[in-house]
Amino acid sequence: MTFSKGYGQNFLINESVPGRIAAHCGAEKDDGILEIGPGIGTLTSELAERYAAVVAVEIDGRLLPILGETLGRYDNVTVIHGDILKTPLAEIAEKYFPGREITVCANLPYYITSPILMYLLESGVQFRAVTVMVQKEVARRLIAAPGTPDYGALTASVNRYGTAERLFDVSSGSFLPAPKVDSAVVRIVPYREKPYSVNSERTLGRVIRGGFAQRRKNLANSLSSEFREIKKEDLIRLLSGLGFGAGVRGEELGIKEFALVSDAIDGFTNGERT
Ligand code: SAM
């Protein structure tokens, strides 16, 4: 079988890594585990050994017979042939993991890391943890603090749903074929209770997108490219009402501050001019 670059296939060949990821994914013994892209099943079998039930979604149909062999001895594994981005997660949760907490554990295909993370976090399914191997550079962005160079729209978008921590690094030589860059395992713990509240999630999404649209510009300028319906001087006034000076940039704001900006913009557009 040839590897499919298009599907981001870099299989783990370092024998100790899959066990380490499975052991540290943050799941409890009785959890249901959702794996994305089982490949030839190296991480999957480690998950099946440790946890109650595993559902693994694999897009590449050529891998299914191989998975049938490598995972055949486990009666707690279900392999689903499909694209994770088209898989109805709430239905999977209800069908395969009734009454269980669910943890995601995966060595993600690198070409769609961010879309997969957002799809999981926006699904409405309450995961105990989302533990994923990603490129090191993405790991840095996921765990970055406001005001640091790696902090950006991806960090803030993930922080809408939870907090991320880096568990450990994995060298590129641990994969076949070896990718150009090293990887890291990151665990996102979704909030049980959000540390902020907003009137409109849609506006918050726009504020985050706008806040990072023009990183070099101050927040009012950057936001004005997203909120064309609001005059720049009104944006400046709104921000100053929240205590943000003229020089503040989007990359300095944490999720709670973005939520404040979001509500102020909503209040303004709804006519409560401040
Ligand atoms: N878990 C295996 C391992 O660690 O060796 C393989 C990881 S490999 C980096 C990514 C896997 O995700 C591949 O098996 C690939 O075919 C699969 N994949 C890529 N895009 C996918 C998608 N949209 N939905 C489900 N699986 C996908």
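Helix α4 (residues 89-96) gives the largest share of the lining of the second largest cavity, three residues. This is a predicted model. The second largest cavity holds about 40 Å³ of space. Its lining consists of Leu34, Leu89, Ile92, Ala93, Phe97, Ile102, Val125 and Phe127. By class, that makes eight nonpolar residues, with no polar and no charged ones.

A search of the whole structure turns up two cavities of 30 Å³ or more. The lining of the largest cavity divides into 15 nonpolar, eight polar and three charged residues.

What takes up the space of the largest cavity? The ligand does. In the shell around the ligand, β1 (11-12) and β3 (53-58) are the elements that give two or more residues. The ligand is surrounded by 24 residues, the closest being Gln9, Leu12, Gly37, Glu58 and Asn107. Sorted by class, the shell has 12 nonpolar, eight polar and four charged residues.

The side chain of Gln9 places an N or O atom 2.9 Å from an oxygen atom of the ligand. A polar side-chain atom of Asn107 is 2.8 Å from a ligand oxygen atom. Ile59 takes part through its backbone: a polar backbone atom lies 3.4 Å from a nitrogen atom of the ligand. How much of the ligand does the protein bury? Taken alone, the ligand exposes 590 Å², and the protein buries 99% of that.

Next, the open pockets. The largest pocket has a volume of about 310 Å³. Its lining has 14 residues, with Lys5, Asn10, Ala178, Pro179 and Lys180 nearest its centre. Seven of the lining residues are nonpolar, five are polar and two are charged.

The second largest pocket contains about 180 Å³ of space. Leu120, Leu121, Gly124, Val125, Gln126, Phe127, Tyr161, Pro190, Tyr191, Arg192, Glu193 and Lys194 line this pocket. They divide into seven nonpolar, two polar and three charged residues. Val125 and Phe127 line this pocket and also the second largest cavity.

Notes. Residues are numbered from 1 along each chain as its sequence is written. This is a predicted model: local features need pLDDT of at least 70, side-chain atom pairs count only at pLDDT 80 or more; totals for chains, interfaces and linings use all residues. Side-chain values use heavy atoms; hydrogens and water are left out. A residue is near a molecule or strand if one of its heavy atoms lies within 4 Å of it. A polar contact is a pair of N or O atoms within 3.5 Å; within protein, one must be able to donate a hydrogen and the other to accept it, and residues adjacent in sequence count only if both atoms are side-chain atoms. Accessible areas come from the Shrake-Rupley method with a 1.4 Å probe; for residues, only the protein chains shown count as cover. On a 1 Å grid over the protein atoms alone, a cavity is a set of points where a 1.4 Å probe fits but cannot get out, and a pocket is an open set with protein on both sides within 12 Å along at least five of seven lines; lining residues have an atom within 4 Å of a point. A molecule sits in a cavity or pocket if more than half of its atoms lie within 2 Å of its grid points. Helices (H or I, at least four residues) and strands (E, at least two) are DSSP runs, numbered from the N terminus. Ala, Val, Leu, Ile, Met, Phe, Trp, Tyr, Cys and Pro count as nonpolar, Asp, Glu, Lys and Arg as charged, and the others, Gly among them, as polar. Grid points are joined across faces, edges and corners, and a volume is the space filled by probe spheres set on the points.
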